[in-house]
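Subject: Handing over the structure

Hello,

Here is the structure I promised to pass on to you.

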Amino acid sequence: MADLSNLAGLGSDPSGEIDSSASSANNRSLRLAEKEKRKGEADPFGLAVKYLSQVEAGTVVRGNDELERNMLVVETVALSKGLPSEVITVLLDLALSLNAGTGNCARVLKFLIPATVVPQEAIVKGVSWLCVGKMPMNAQVLFVRWVLTVFDLIDCKDNLRSIYGFIFSFVTEENLCPFICHLLYLLTMREHGELQPFLTQLLALYKVFRPDLVTLSLPSRVRTGFKNHNSTWKVALSAVQRKNKGAVLVDQSLSLDVKEKPSTRKRVRCHLSIPPLSSAFNSNSNKKVFCLQELRSFRELLENIHNIELPAQMGSLLGSALALHYLDCVQDESASLRLNFWLGHSLQEEFLLCPVDGSSDNTSEACRFLSTILFSQQFLQEGFSSTESFLYKFLSVWDGCLLRPQILDLLSDIPLMPSFYMHKLLFEPLKQLYFTSTVFFKCSIIECLNSMLIKWLTWHSVSALEGGLDISLNSNSTMTMTLSGFMDSVMELVRFVGLLASEGLRLENCHVLLLNQTLAFYETVCDMFLKYSLPLIIMPPAGVFYPALFATDSVSVDRLGYIMYRYRKNLTLAKKQEQQREQTFHISRNTYKEFNRNLQAMVNSMWNSWWCIPGSDIEIDKDLISLSKVAEPWCRFDLIHHPALFSYAIEFHQRCWPERKNVDLGSIKTGKYWNWYMEFLFNQGFDGLNNFIQTNTGHGSGLSSQDDRTKTL
């Protein structure tokens, strides 16, 4: 019995230990489950991503509350904070594999907003899903549109470019073609542009049938053929980036147009900053390239010029002098196209679709952006075609105040254009602004057009030195213009400024600032033949000449004297070459007649005291003159009584006859005092008048004032 009891005792103890161990294990499992539950409650996004990564093909979608709940969690985070790169990979694979159904494929793509970067391998895998042909066409289009939107957030593009041929194969799909072409445009490098001989022959045949559609030598100026289809993603991306305080910038070259009403909310500007230089290749790539951002000197540029690859963002070239040197040296047409594409899109997005609202922050940012463009254009010594196109559109909506200095400086860089385009694109909008603005804006317009004319003439003078009969519109264009066409454009510009100046001086009562800006313009015009080798001479209209002749400030009168002196020099040389038959183009006889008429009016009024000549432009009725009760009106505009020179005559009289109480200015014309007065007057700095008097009257060459005669041509 004892043994049995002992056996019973031994049998009961192990049973208790087993029960205790099982209970402890159950408690531990409960604690772990509770901990996991609390962890899941603390990180529902992580659990949702984990769940979605485990969704397999054939999963029931309709009525699946768990799938919907996890999808909603991820969607909320994506639209508020953006998604990490690893989550982008998971969700893109979920969507394109259609494991969660066709409806959820489109839904996932729409909220697939990256917070930082997009992994390249995710895009490559997505293209492989396209090749399977499993997705419906609307899902394929949506995927390619999404790739276009996040293109410059892709961490590297080497592998993506390695499947260029696979992407190109989708060009035959009618619905995909516009978006695939856009993607290929962004991916294409120099090595992709090589055409096989059989493709060249096929294109040649196409050109025979449709020469208007096929050009084997592509022009440098092309219109942007990619429309904006991605406004929804654009809004979401902008919202995420605002919340992330600009940690990641959307590439300027691919940001998409979103039309917003300025009154609804303040728009965040994302194009008005020049992106930093960054390579288009992975730093670990085996390609032998030299990145532009690594350049430190012009010598390094020359040593590596054949190994340099263009940056990922072409807009970054504008911020670097060395990069602009490279752009100018290589004359790469593809680089010019890409830069103009980015620049034109940025200008249109920020200034045409969503204008600057006038706040100090936005205005200063826009000012810096336009100043950078101006610096680049001045560095390259020519304007960008995209800037030119933007200005033609912007002038029609410009108020004349916003960013005036920058806009007018850009306007002065507009290259030469045929005369039949000038009226509609340039003259009409400027005319409306000119006649409805202040005198200071009128001065700015005249100054801008003067600068434009100087650049046109300089460009022509360079072409003339090179011996070319045709003038290239700019270095990146194959378009040329004949000399006669160039002269027509210059003539239209000069006549337009003459019209603006004449009416402006009339409206502003011959304001001295406007008059001097106008005379500065005609200082350029009067020397076009001698200084710029252009056989064209255009005289100023009466509405400019006579206000300057009878001006009350001495600077204007002196500048008119210089202008008439230079006109005589140019016409004299032109006449000499015509007689020797050294030039093809001839100066019109009307130009000589107009010059002689102005010359006689100026000499007679200032030198001979015959300011009112019968039959001349300034003939005034005698009865009207008598009503003024001015004594000896015929001599009121000579070198002594002229309103602009009257104070100098008074000062000279006081120096010569300090004891006289009564002023007799007529005594200045007697004897040696006249020559002394002329010397005194010209010592005041009136070089223009001095040259005019000596050239046209012979004063200073031994002739007396009585023997002087007007030397007409």
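Below is what turned up, grouped by topic.

Please keep in mind that this is a predicted model.

Aromatic rings

The search of the whole structure gives 21 aromatic pairs. One of them joins Phe390 and Phe394: the ring centres are 5.2 Å apart and the planes meet at 25 degrees, so this pair counts as stacked. Both residues belong to helix 17 (residues 385–394), where they are four residues apart, or about one helical turn. In general, an α-helix has 3.6 residues a turn, so residues three or four places apart point the same way. Phe390 is buried, at 4% relative accessibility, and Phe394 is buried as well, at 5%. The two also take part in an aromatic cluster, together with Phe351, Trp398 and Phe441.

Lys157 lies over the face of Phe151, 5.0 Å from the ring centre. Over the ring of Tyr434 sits the charged end of Lys442, at 5.5 Å from the centre.

Salt bridges

The count of salt bridges comes to 12. Here are three of them, in case you want to find them on screen.

- Glu68 and Arg107 meet through their side chains, with 2.9 Å from N to O. Glu68 is in helix 3 (residues 65–81) and Arg107 in helix 5 (residues 102–110), so this bridge ties together parts that are 39 residues apart in sequence. Glu68 is partly exposed, with a relative accessible area of 40%.
- Arg506 and Glu503 form a salt bridge at 2.7 Å, N to O. They are three residues apart in helix 21 (residues 483–507), about one helical turn. Arg506 is exposed, at 54% relative accessible area, whereas Glu503 is partly exposed, at 27%.
- Glu523 pairs with Arg559, and their closest N and O atoms are 3.0 Å apart. Since Glu523 lies in helix 22 (residues 512–525) and Arg559 in helix 25 (residues 554–579), the pair ties together parts 36 residues apart in sequence. Glu523 itself is partly exposed, at 24% relative accessibility.

Salt bridges with shared partners also join Glu68, Glu75 and Arg107 into one network.

Positive phi angles

Gln381 has a phi near 65 degrees, which is a positive value in a residue other than glycine. Gln381 lies in the loop between helix 16 (360–380) and helix 17, and is exposed, at 66% relative accessible area. For Leu403, phi is near 50 degrees, again positive in a residue other than glycine. Leu403 is in the loop between helix 17 and helix 18 (404–412), but this leucine is buried, at 7% relative accessibility.

Within helix 14 (residues 321–330), the buried residues include Leu322, Ala323, Leu324, Tyr326 and Leu327.

Surface and cysteines

Which residues form a nonpolar patch on the surface? They are Phe440, Val512 and Leu513, with about 270 Å² of accessible area together. Phe440 comes from helix 20 (residues 439–465) and is exposed, at 51% relative accessible area.

Finally, the structure holds zero disulfides. As for individual cysteines, Cys329 is partly exposed, with a relative accessible area of 42%, while Cys443 is buried, at 9%.

How values were computed: Residues are numbered from 1 along each chain as its sequence is written. This is a predicted model: local features need pLDDT of at least 70, side-chain atom pairs count only at pLDDT 80 or more; totals for chains, interfaces and linings use all residues. Side-chain values use heavy atoms; hydrogens and water are left out. Buried means under 20% relative accessible area, exposed over 50%, partly exposed in between (1.4 Å probe, protein chains only). Helices (H or I, at least four residues) and strands (E, at least two) are DSSP runs, numbered from the N terminus. Rings of Phe, Tyr and Trp (its six-membered ring) pair if their centres lie within 6.5 Å; planes under 30 degrees apart count as stacked, over 60 as edge-to-face and the rest as tilted. A charge sits over a ring if NZ of Lys or CZ of Arg is within 6 Å of the ring centre and within 35 degrees of the ring normal. Patches are made of residues with over 30% relative accessible area and no salt bridge: like charges are joined within 9 Å, nonpolar side chains (Val, Leu, Ile, Met, Phe, Trp, Tyr) within 5 Å. Accessible areas come from the Shrake-Rupley method with a 1.4 Å probe; for residues, only the protein chains shown count as cover. A salt bridge is a side-chain nitrogen of Lys or Arg within 4 Å of a carboxyl oxygen of Asp or Glu. A disulfide is a pair of cysteine sulfur atoms within 2.5 Å.
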